[in-house]
Amino acid sequence: MIVWTLFLASILVFLALDLGVFNKTPHIINSKEAGKWTGIFVTISFLFSGVIYWLYGNNYIANPDALKPVDASLKFITGYLIELSLSVDNIFVIAIIFSSFRIPQKYQHRVLFWGILGAIVFRGLMIYFGVLLIHKFSWMTYIFGIFLIFTAVKMLFNKEDDKFEPKKSFVYRALRKIIPVTSHIDGEHFFVKRRHLTAATPLFVALVVIEVMDVIFAIDSVPAILAITSDPFLVFSSNIFAILGLRSMYFFLAHMLNRFAHLEYSLIAILSFVGLKMLLHDYVKLPEWASLTFIAISLLVGILVSLKMSKDEVS
C-alpha cells in the first residue's frame with residue numbers, strides 16, 4: 001500500500017501545483033505551450049516504465065500475475081498507448097462540447113482540470129470492478145472481448161452525420177430538470193446567484209457532460225487494457241498517465257483535429273486486436289513485444305495516413 005499511497009499522493013500534489021501555480025490565472029493555452037506539456041507528459045509516462053521495472057524487480061508492489069520486470073514495463077507502455085489512442089475520440093467530443101456551450105478558451109483548462117479529478121475516481125472504480133470480475137469469473141474475459149469487437153464494428157459502420165449534440169443529450173436535459181441553468185458565463189465560476197437562486201453556468205454544464213462522456217469512453221478503454229493485463233497497478237497507472245496528458249493533448253490538437261480524421265481506423269484496428277486477444281487467450285499466447293508493436297504501428301500508420309490525406313485535400 002505504500003507504493004499506491006505515494007503514487008496517489010504524487011498525482012494530487014501535481015494537480016495542486018497545476019491549478020495553484022502553473023495555471024493559477026486563467027489564460028488561453030496556445031499550441032506551443034500545449035505541445036511542450038504534451039511532450040513532458042509523454043516523456044514522464046515512458047520514464048515511469050523504468051519505475052515499473054524497478055518496483056517489480058525488487059518486489060516493492062503486489063505482483064498477482066508473477067510478472068517479470070521487463071514484461072511489467074512492456075505491459076505498462078502497451079496499456080498507456082491503448083489509453084492514449086482511445087483518448088483521441090474523447091478529444092473530438094470535448095471540442096464539440098466546448099463549442100456547443102461556447103466556453104471561452106481561457107476557461108477550458110479549469111473545466112478539464114476538475115474533469116480529470118472526476119475521471120480519476122470513476123476510472124479507479126471501473127478498474128477495480130473490472131479486475132474483480134475477471135479474477136472472479138474467467139468467462140468475463142470473453143464478454144469483454146465480444147464487447148470490444150462489437151465496438152470496433154460499430155465504429156467502422158458509424159455514419160459521419162451521426163454527430164454528438166451536447167444540448168440534445170440526455171445528460172443536459174436531465175441536468176436542467178435538477179438545477180436552474182443560465183447561459184451567462186461569470187468568469188471561471190461554476191455557479192452564480194440569480195434572484196436568490198443558485199444557477200449552474202455553462203462551465204458546470206460542460207463539466208458534467210464531459211464527465212459522463214468520459215465514463216462512456218471508459219467502458220471501451222478499461223476492457224481494452226484488461227486484455228493486456230489484469231494487474232491493478234499497471235491498469236490504473238497507465239490509465240492515469242493517459243488521463244493526465246489528455247488536457248495538454250487536447251489544447252495541442254484542438255485546432256487541427258480535422259487533420260487526424262482517419263486515425264479512427266487505427267482505433268478500430270486496436271480494439272479489434274485486443275478483442276480477439278481476449279477471445280483467443282486460451283489458445284494463442286502473444287509475447288508482450290508483439291502486442292506493443294502492433295499497437296504502436298497501428299497508431300503510427302493512422303497518424304501518417306491522416307496527415308497525408310489532409311495534405312492532399314488542402315492541395
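The backbone nitrogen of Asp231 lies 3.0 Å from a polar atom in the side chain of Thr229, a polar contact in the sense of a pair of N or O atoms within 3.5 Å, where within protein one atom must be able to donate a hydrogen and the other to accept it, and where residues adjacent in sequence count only if both atoms are side-chain atoms. This is a predicted model, in which local features need pLDDT of at least 70 and side-chain atom pairs count only at pLDDT 80 or more, while totals for chains, interfaces and linings use all residues. Residues are numbered from 1 along each chain as its sequence is written, and side-chain values use heavy atoms, with hydrogens and water left out.

Thr229 sits in the loop between H7 and helix H8 (232-244); helices here are DSSP runs of H or I with at least four residues, numbered from the N terminus. With a relative accessibility of 4%, Thr229 counts as buried, a word that stands for under 20% relative accessible area, whereas exposed stands for over 50% and partly exposed for what lies in between, computed with a 1.4 Å probe on protein chains only. Leaving aside residues up to four places away in sequence, Thr229 touches Asp65, Leu67, Lys75, Leu234 and Val235, where contact means heavy atoms within 4.5 Å.

Helix H7 covers residues 202-226, and its 25 residues reach 35 Å from the first C-alpha to the last, close to the 36 Å expected at 1.5 Å a residue; the expected span is 1.5 Å times one less than the number of residues. H7 bends by about 35° at Ala218, the bend being the angle between axes fitted to the seven residues ending at a residue and the seven starting there. Because 20 of its 25 residues are buried, H7 is largely enclosed by the rest of the structure.

The largest nonpolar core has 90 residues, and Phe98 and Phe233 touch the most other members. The largest share of this core, 14 residues, comes from H7. Such a core is a set of buried Ala, Val, Leu, Ile, Met, Phe, Trp, Tyr and Cys residues joined through side-chain atoms within 4.5 Å. Not counting residues up to four places away in sequence, Phe98 touches Ile103, Gln108, Val111, Leu112, Ala206, Ile210 and Tyr250.

Helix H9 (residues 246-253) is likewise largely enclosed by the rest of the structure, because 7 of its 8 residues are buried; these are Leu246, Arg247, Ser248, Met249, Tyr250, Phe251 and Leu253.

**Aromatic pairs**

A search of the whole structure finds 22 aromatic pairs. The rings of Phe7 and Phe236 have centres 6.2 Å apart and planes at 75°, so this pair is edge-to-face. Rings of Phe, Tyr and Trp (its six-membered ring) pair if their centres lie within 6.5 Å, and planes under 30 degrees apart count as stacked, over 60 as edge-to-face and the rest as tilted. Since Phe7 lies in helix H1 (residues 2-22) and Phe236 in helix H8, the pair ties together parts that are 229 residues apart in sequence. Both Phe7 and Phe236 are buried.

The rings of Phe48 and Phe76 have centres 5.5 Å apart and planes at 55°, so this pair is tilted. With Phe48 in helix H2 and Phe76 in helix H3, the pair ties together parts that are 28 residues apart in sequence. Phe48 is buried, with a relative accessible area of 12%, and Phe76 is buried as well, with a relative accessible area of 1%. Trp4, Phe7, Phe48, Phe76, Phe233, Phe236 and Phe241 form one aromatic cluster.

Most residues other than glycine have a negative phi.

**Ser169**

Ser169 is found in the loop between helix H5 (140-156) and helix H6 (170-178), and at 10% relative accessibility this serine counts as buried. The side chain of Ser169 reaches the backbone oxygen of Pro166 at 2.6 Å, while the backbone nitrogen of Tyr172 lies 3.3 Å from a polar atom of that side chain.

Technical notes:
Helix = DSSP H or I, 4+ residues; strand = E, 2+ residues; numbered from the N terminus.
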